[in-house]
Amino acid sequence: MLSIVAAAIAIVAACWLLVKCGIPVVNWARRLRYLQRHVGHSAGWHALRGSIARDQRKSKEHYLSQSARFPRTFLFWFGPALPVVSLTHPEPLADAMRTAPSKFKFVYAFFKPYLGNGLVTSDGKRWSRDRRLLSHVFTPRMLRGYVPVYKEACTTMLNLWSSQADQEKSIDVGKCMPLLTFDVILKCALGVETACQTDAESPDGRYFQAVNVILDLTFSQLLNPLKWWNFLYFRTATGKKNAEAIRVCHEYSEGLIRKRRAEFEADEQCGGDPSKSVGHKSMLDMMLAVKDEAGVGMTDVEIREQVDTFLFGGRDTTSATLIWAMYYLTEHPDIQEKCRSEVQRVMEACGGIEGFQHEHISQLQYLAQFVQEVLRDASILPDLSRTLTKDASIDGIRVPAGFQVQMNILGI
């Protein structure tokens with residue numbers, strides 16, 4: 001009798017599971033078939049990679065060739081079973097953005113072990129609270145105060161270049177620019193003096209190397225479906241190397257945050273202004289001081305997540321832009337000479353690098369136009385992906401809620 005009851009329960013459970021899981025799968029397949037009939041397919045589909053280029057060094061050419069073939073929309077397969085509607089024209093992109101799509105959580109999940117719940121990876125109430133708090137950190141007045149930091153970091157780099165030139169050594173801009181931007185962001189975000197440009201074995205230098213390892217391995221994991229399951233990935237040799245680099249980064253930043261919080265609290269107890277105990281207000285000082293509507297501040301972990309996010313979002317993107325700018329200047333000597341002449345004119349007017357201030361930046365109009373053209377022609381992010389929160393009519397095609405859309409920046 002008991003065996004009959006157990007069998008009946010098992011059958012009911014199996015039927016419930018089939019209905020619970022089967023109906024969404026059937027609905028998803030039906031919607032996918034609809035999209036396949038109305039949206040073009042990306043060429044070169046692979047059973048494992050989907051539409052992802054085999055050689056990532058040729059990813060730009062891959063994006064542009066697909067955009068030329070499908071000038072408005074096409075289906076891009078992220079892996080073997082994740083279709084994304086790629087938008088390669090401003091009009092369908094505007095259709096998608098009217099629905100206020102949410103973040104594509106699948107992609108950002110790969111960076112959670114490193115970034116935690118920073119602004120890039122969080123959403124909902126947590127994102128809204130952090131965004132409100134950080135709006136008090138990123139103010140124009142505060143950012144203007146970082147010009148001396150920029151000048152100091154650039155002077156360090158130029159001194160290194162001068163030394164290498166005296167020894168008739170070549171200069172690898174691809175290695176110098178990431179160190180420069182990392183130096184600037186560390187000083188601005190954490191308010192510490194760094195030696196990452198001059199001493200690779202310093203704590204700052206090891207921190208820089210660990211961040212490089214995380215970025216390289218995480219992007220490699222993202223583009224290989226065999227590495228998508230973190231439970232298995234972090235048990236492989238590559239995953240363990242990634243986890244160790246994440247540990248190094250977290251220990252470094254958390255140590256600095258704890259030390260600064262202790263100094264901050266000691267200054268408050270003495271009745272002083274803790275934000276004035278360093279040469280300039282760092283982002284860390286501001287995050288330690290800011291509080292929400294309930295009078296609750298940010299924890300050490302929350303601050304560390306935002307600091308890691310600043311490094312992730314600002315270091316690689318800025319350094320890549322600078323590298324491309326240097327490349328284009330060498331390719332176009334006439335433009336290089338115009339930029340040089342403008343910089344020399346402004347520097348002479350303000351008394352050299354020592355007298356250069358934030359207000360002088362607006363006088364570098366031709367240089368600003370050049371940088372904007374670099375950003376247009378060599379976009380650092382080839383695309384951005386979002387998840388539709390409701391059904392949308394994109395270029396006359398009904399795309400159901402829950403599907404992903406890709407803003408194909410290179411194609412546009």
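**Close-up views of a predicted model**

**Figure 1. The whole protein.** The protein has 16 helices and eight strands. Helices (H or I, at least four residues) and strands (E, at least two) are DSSP runs, numbered from the N terminus. Residues are numbered from 1 along each chain as its sequence is written. This is a predicted model, in which local features need pLDDT of at least 70 and side-chain atom pairs count only at pLDDT 80 or more, while totals for chains, interfaces and linings use all residues; side-chain values use heavy atoms, with hydrogens and water left out. Of the 412 residues, 40% count as buried. Buried means under 20% relative accessible area, exposed over 50%, and partly exposed in between (1.4 Å probe, protein chains only). Among contacts between residues at least 6 apart in sequence, 67% join residues at least 24 apart. A contact means heavy atoms within 4.5 Å.

**Figure 2. Helix 8 and its cover.** Helix 8 runs over residues 147-166, 20 residues in total. The expected span is 1.5 Å times one less than the number of residues. Which residues of helix 8 are buried? They are Val147, Val149, Lys151, Ala153, Met157 and Trp161. Their cover includes helix 7 (140-144), helix 9 (173-190) and helix 14 (300-331). Just after helix 8, glutamate 168 takes a positive phi of about 60 degrees.

**Figure 3. The second largest pocket.** This pocket has a volume of about 220 Å³. On a 1 Å grid over the protein atoms alone, a pocket is an open set of points with protein on both sides within 12 Å along at least five of seven lines; a cavity is a set where a 1.4 Å probe fits but cannot get out; lining residues have an atom within 4 Å of a point. Grid points are joined across faces, edges and corners, and a volume is the space filled by probe spheres set on the points. Helix 8 gives the largest share of the pocket lining, four residues. Helix 9 also supplies at least two. Among the lining residues are Met157, Leu160, Trp161 and Gln164, along with Lys175, Cys176 and Leu179. Ser170, Ile171, Asp172 and Gln197 line the pocket too. By class, the lining has six nonpolar, three polar and two charged residues. Ala, Val, Leu, Ile, Met, Phe, Trp, Tyr, Cys and Pro count as nonpolar; Asp, Glu, Lys and Arg as charged; the others, Gly among them, as polar.

**Figure 4. The largest cavity.** How many cavities of 30 Å³ or more does the structure hold? It holds one. About 40 Å³ of space lies in the largest cavity. Helix 10 (203-222) and helix 5 (112-115) each supply at least two lining residues, as does helix 12. Helix 10 gives the most, with three residues. The lining includes Phe110, Phe111, Pro113 and Tyr114. Ile214, Thr218 and Gln221 also line the cavity, as do Phe234, Asn242 and Ile246. Seven lining residues are nonpolar, three are polar and none is charged.

**Figure 5. Aspartate 292 and arginine 129.** A search of the whole structure finds 23 salt bridges. A salt bridge is a side-chain nitrogen of Lys or Arg within 4 Å of a carboxyl oxygen of Asp or Glu. The side chains of aspartate 292 and arginine 129 form one of them, at 2.9 Å, N to O. Aspartate 292 lies in the loop between helix 13 (283-289) and helix 14, and arginine 129 in helix 6 (residues 124-134), so the pair ties together parts that are 163 residues apart in sequence. Both aspartate 292 and arginine 129 are buried. A network of salt bridges links Arg126, Arg129, Asp130, Asp292, Glu302 and Glu305.

**Figure 6. Glutamate 254 and arginine 304.** Glutamate 254 forms a salt bridge with arginine 304, with the closest N and O atoms 3.1 Å apart. The pair links distant parts of the chain: glutamate 254 in helix 12 (residues 237-269) and arginine 304 in helix 14, 50 residues apart. Is glutamate 254 buried or partly exposed? Glutamate 254 is partly exposed, with a relative accessible area of 22%. Arginine 304, at 8%, counts as buried. Glutamate 254 and isoleucine 303 lie 49 residues apart in sequence and 8.6 Å apart in space, C-alpha to C-alpha.

**Figure 7. Aspartate 95 and arginine 98.** These two side chains meet in a salt bridge of 2.6 Å, N to O. Arginine 98 is exposed, with a relative accessible area of 61%.
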